Amino acid sequence: MRFNHKEMVHVSHSNPVFEGRMSYAKLSNGHPSKGFKERWFRLKYNLLFYFKINGFGQVDLHQPAGVFVLENSIVRLESNMPGTLFSFSLSFKDEPTKKYIISSQSEEHVHQWIKNIQCSTYEYMRSQMSSIQNKILKLSGRDPLLMYPEEGKKIGRTKNVVEENDSDFYYKRAPSPPHPPPRHKQDPGNMSHMNLIEL
């Protein structure tokens with residue numbers, strides 16, 4: 001995956017949607033491998049950054065240690081996970097064999113993280129847009145995505161038949177809702193870097 005290192009660092013320093021201290025580990029054979037690492041996590045857009053914490057408990061915010069790209073992610077509440085009382089898992093549809101366990105200090109905090117991560121992806125926002133679009137169409141009979149007024153014109157009905165002398169309205173069929181950019185085909189040897197970028 002290509003990314004601009006300086007731009008990524010800049011984004012990590014902007015105001016986050018949610019942030020907090022948690023621990024994470026990669027799951028191997030149903031158990032966390034190499035133990036949990038304590039990190040400071042920041043959620044911004046569809047990017048989950050994490051920063052190192054030194055032996056004195058201080059967070060190094062100069063540069064993130066890594067970032068999870070949350071598109072195509074699956075986040076689930078985990079129970080009875082060895083080594084932690086409150087945790088959730090993060091995995092990806094295109095890497096089903098890999099799973100990360102993220103542990104927090106309370107059940108409430110875990111639920112807050114799950115909700116914020118689920119709402120951060122392009123897929124979620126697109127589904128919300130589609131839901132609102134359908135509700136407006138059902139209530140008004142007008143598709144809001146097919147109503148693009150020209151300067152000086154009014155937004156009109158979106159029916160295919162235009163009434164006679166109804167020149168005060170402007171009709172234009174808009175393109176279909178946008179699709180997320182295609183994920184570039186990766187070399188199998190580099191698959192491990194698709195969803196987790198270590199900086």
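In what order do the elements of the protein chain run from the N terminus on? They run α-β-β-β-β-β-β-β-α-α-β-β-β. Counted up, the protein chain has three helices and ten strands. Please keep in mind that this is a predicted model.

Some overall values before the details. The protein chain has 199 residues, and buried residues make up 34% of them.

Let me start at the helix α1, which covers residues 5–13 and contains serine 12. Is serine 12 buried or exposed? Serine 12 counts as buried, because its relative accessibility is 1%, and the limit for buried is under 20%. What is serine 12 in contact with, leaving aside neighbours within four places in sequence? The partners are Arg42, Phe49, Phe51 and Pro64.

One of those partners, arginine 42, takes us to the salt bridges. How many salt bridges does the structure hold? The structure holds five, and I will go through some of them.

In one, the side chains of glutamate 19 and arginine 42 meet, with 2.8 Å from N to O. Glutamate 19 sits in strand β1, residues 18–28, and arginine 42 in strand β2, so the pair links distant parts of the chain, 23 residues apart. The two ends can be set side by side: glutamate 19 is partly exposed at 32% relative accessibility, whereas arginine 42 is buried, with a relative accessible area of 12%.

Another salt bridge is formed by glutamate 38 and arginine 21, whose closest N and O atoms are 3.7 Å apart. Glutamate 38 belongs to strand β2 and arginine 21 to strand β1, so this pair ties together parts that are 17 residues apart in sequence. Glutamate 38 counts as partly exposed at 38% relative accessibility. Arginine 21 is partly exposed too, with a relative accessible area of 30%.

A further salt bridge is the one where the side chains of lysine 93 and glutamate 123 meet, at 3.6 Å from N to O. Here lysine 93 is in the loop between β6 (87–92) and β7 (95–103), while glutamate 123 is in helix α3, residues 122–140. The two are 30 residues apart, and the pair links distant parts of the chain. Glutamate 123 counts as partly exposed, at 30% relative accessibility.

Back to strand β2, this time for a surface feature. Which residues gather in a patch of positive charge on the surface? They are Lys26, Lys34, Lys37 and Lys52. Lysine 37 has its place in strand β2, residues 31–44. Its relative accessible area is 39%, so lysine 37 is classed as partly exposed. A residue must have over 30% relative accessible area to be part of a patch.

What is the phi of tyrosine 45 near? It is near 55°, a positive value in a residue other than glycine. Tyrosine 45 counts as exposed because its relative accessibility is 53%, and exposed means over 50%.

Asparagine 46 lies in the loop between β2 and β3, the latter being 47–52. Asparagine 46 is partly exposed, with a relative accessible area of 21%. What does asparagine 46 touch, not counting residues up to four places away in sequence? The list is Phe68, Val69, Leu70, Glu71, Ser120 and Thr121. There is also a C-alpha distance to mention: asparagine 46 and tyrosine 122 are 76 residues apart along the chain, and their C-alpha atoms are separated by 7.3 Å.

Asparagine 72 has a positive phi of about 65° although it is not a glycine. Is asparagine 72 buried or exposed? Its relative accessible area is 19%, so asparagine 72 is buried; the limit, again, is under 20%.

That is the end of my part.

Technical notes
Residues numbered from 1 in each chain as written. Predicted model: local features only at pLDDT ≥ 70, side-chain atom pairs only at ≥ 80, totals over all residues. Heavy atoms only, no water. Patch = residues over 30% accessible without salt bridge, like charges linked within 9 Å, V, L, I, M, F, W, Y side chains within 5 Å. Areas by Shrake-Rupley, 256 points an atom, 1.4 Å probe, with all protein chains shown as cover. Salt bridge = Lys/Arg side-chain N within 4 Å of Asp/Glu carboxyl O. Lys, Arg positive; Asp, Glu negative; His and termini not counted. Charge placed at Lys NZ, Arg CZ, Asp CG, Glu CD. Helix = DSSP H or I, 4+ residues; strand = E, 2+ residues; numbered from the N terminus. Buried < 20%, exposed > 50% of the residue type's maximum accessible area, 1.4 Å probe, protein only. Contact = heavy atoms within 4.5 Å.
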